[in-house]
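Please keep the sequence and the model in view while reading.

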Amino acid sequence: MSSAGQVIRCKAAVAWEAGKPLSIEEVEVAPPQKDEVRIKILFTALCHTDVYYWECKGYTPLFPRILGHEASGIVESVGEGVTDVKPGDHVLPIFTGECKQCRHCLSEESNNMCDLLRINCDRGVMLADGKTRFSINGKPIYHFVGTSTFSQYTVVHVGQVAKINPTAPLDKVCPISCGICTGFGATVNVAKPKKGQTVAIFGLGAVGLAAAEGARICGASRIIAVDLNPRRFEEAKRFGITEFVNPKDYDKPVQEVIVEMTGGGVDRSVECTGSVQAMISAFECVHDGWGVCVLVGVPKKDDAFKTHPMNLLSERTLKGAFYGNYKPRTDIPMVVDKYLNKELGLDMDKFITHSVPFADINKAFDYMLQGIGLRCMIHLDA
């Protein structure tokens with residue numbers, strides 16, 4: 001019997017309050033409304049952004065909430081007006097969207113800053129009616145970045161759904177929906193290092209290592225990693241990292257260390273931490289005249305980036321990159337196809353270091369908080 005148009009009861013990991021372990025609950029998931037898609041989530045992974053908003057350090061608390069945004073699944077049903085996807089399609093829900101109608105979506109100079117569906121971490125309801133699609137005994141449970149993938153079923157705006165090749169292994173391509181594209185695209189699409197140039201990567205999480213993979217594939221001669229966790233260096237070598245710098249090992253700013261190491265600065269840097277000090281260091285370590293720094297990490301709400309204007313007047317370039325400069329619905333299906341055809345040069349297995357059943361989702365938080373591994377794949381059917 002079809003479940004289309006019916007309320008679905010399923011398991012979800014609910015965050016009831018900041019910093020407390022998620023609780024597996026039975027939730028009701030309402031049918032999709034106009035321009036919405038209900039998806040059966042098969043795989044999801046934990047990203048640092050989930051942890052930041054779970055901890056609520058510097059962010060507006062909104063609970064109870066279903067977190068999660070890096071995931072893969074299959075369309076269960078669609079709402080009124082949805083024609084791009086149909087039940088049975090394999091999809092990646094994306095934390096930001098592409099309405100294909102606003103000035104950003106239609107612009108050749110803006111890739112993913114959609115006026116309608118740009119990421120909004122504070123909104124916990126759907127756009128169609130300002131209500132949630134999740135509830136427990138009639139009490140609403142809030143959404144997160146429009147995806148809420150820590151649930152066996154979720155409802156997402158169609159503009160945040162990328163239809164992908166059905167032959168793609170959903171567990172392998174799951175990280176493409178966030179971390180991989182964010183880091184890899186920041187390097188290959190925005191920083192664009194030339195063959196033989198030097199690149200500094202700030203932060204060796206999954207996003208930073210995806211950025212390093214991009215630098216390796218572009219032919220960088222030196223890839224210098226900057227991280228406070230020395231345990232990550234050995235693992236980072238598998239992603240093309242050639243040198244490692246721990247700022248705690250020096251009594252001067254790390255940008256000065258890198259400038260000395262490279263005889264004037266690196267050609268490109270990519271910052272993937274969200275630390276405003278790391279952002280400043282990443283910019284100030286690039287070479288004058290041609291150096292390009294790309295900021296990827298999300299800072300805290302009240303952070304301020306400060307540098308001397310001469311650093312810009314000396315012809316260094318500072319850029320930001322959002323989701324690797326990829327359009328969610330237009331580009332991500334092509335990225336998956338290139339992965340399947342081995343055209344990207346990415347080995348997704350290197351990024352997935354742990355795997356847990358849905359009931360053990362809190363272990364994924366433990367791994368990330370301890371700085372262990374990269375991506376923990378959570379099996380929602382297990």
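**Salt bridges and a packed helix**

Glu36 and Arg133 are both buried, where buried means under 20% relative accessible area, exposed over 50% and partly exposed in between (1.4 Å probe, protein chains only). The model is predicted, so local features need pLDDT of at least 70 and side-chain atom pairs count only at pLDDT 80 or more, while totals for chains, interfaces and linings use all residues. Residues are numbered from 1 along each chain as its sequence is written, and side-chain values use heavy atoms, with hydrogens and water left out.

The side chains of Glu36 and Arg133 form a salt bridge (2.9 Å, N to O), a term that denotes a side-chain nitrogen of Lys or Arg within 4 Å of a carboxyl oxygen of Asp or Glu. This pair links distant parts of the chain, 97 residues apart: Glu36 belongs to strand β3 (residues 36-45), and Arg133 to the loop between α2 (103-106) and β6 (134-136). Helices (H or I, at least four residues) and strands (E, at least two) are DSSP runs, numbered from the N terminus.

A further salt bridge joins Arg103 and Asp115 (3.4 Å, N to O). Arg103 lies in helix α2 and Asp115 in the loop between α2 and β6, so the pair ties together parts 12 residues apart in sequence. Arg103 is exposed, at 65% relative accessible area, whereas Asp115 is partly exposed, at 40%.

Helix α11 (residues 361-369) has Ile361, Ala364, Phe365 and Met368 as its buried residues. They lie on the same side of α11, because they cover an arc of only 100° around the axis, taken from the directions from the helix axis to the C-beta atoms.
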